[in-house]
Amino acid sequence: MVELVAHTDGACSGNPGPGGWGVLLEARQDGKVIKTRELKGGAAETTNNRMELTAAIMALEALDRPATITIVTDSTYVKNGVTSWIHGWKKNGWKTANRKPVKNVDLWQRLDAAQARHDVHWTWIKGHAGHDENERADELARAGMEPFKA
């Protein structure tokens, strides 16, 4: 059976400022990588959190058909948001427990829709801690930011 894993990362130069996102998608069989695909992009004026969310969204939207996938992120904001906080936000009409509008609601809603098509498992890892795939996602995010830097 083929296992799909997406390593995602976001980067920002200044917060807000120019930013980028990167995804390393891997198809694995019997623990070995059999195929990879790299995605990247960016924006002129954004935040690190927006780029982290965009990376996860783009990983899921890149899949042609429903799939089981593990998304590996170094963002506790994305991991906690999508596995915990989002349920309350949806119940509260996309408001926080303090009745304030959810920040980045456009991306949270898009992520919610993107993951609804799939069986998604979310994993958090420490960033910049020697995980080769996370380092590659970071390189892609930085490359995605380059065209937007002054």
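Me: Which residue in β3 is the bridge partner of G17?
Reply: That's T46. Bear in mind that this is a predicted model.

Me: What makes β2 and β3 a pair?
Reply: Two strands count as paired once DSSP finds at least two bridges between them. β2 (residues 17-29) and β3 have 12 bridges, in the antiparallel sense, so they pass the criterion of at least two.

Me: Why are β3 and β5 called edge strands?
Reply: The five strands make an open, mixed sheet ordered β3-β2-β1-β4-β5. β3 (32-46) and β5 (119-124) each pair on one side only, and that puts them at the edges. On average, neighbouring strands here are turned by 20° against each other, ignoring direction.

Me: What makes α2 a helix that packs on the sheet?
Reply: Helix α2 (residues 76-91) touches β4 (68-73) and β5, and touching means heavy atoms within 4.5 Å. Its direction makes about 140° with that of β5. Helix α4 (residues 132-145) lies across β1 (2-12), β2 and β3, at about 140° to β2.

Me: What is W108 in contact with, leaving aside its neighbours within four places in sequence?
Reply: Its contacts include L53, Y77, W89, W94 and K103.

Conventions. Residues are numbered from 1 along each chain as its sequence is written. This is a predicted model: local features need pLDDT of at least 70, side-chain atom pairs count only at pLDDT 80 or more; totals for chains, interfaces and linings use all residues. Side-chain values use heavy atoms; hydrogens and water are left out. Helices (H or I, at least four residues) and strands (E, at least two) are DSSP runs, numbered from the N terminus. Axes are lines fitted to C-alpha atoms, for helices over the stretch in contact, and angles run from 0 to 180 degrees between N-to-C directions.
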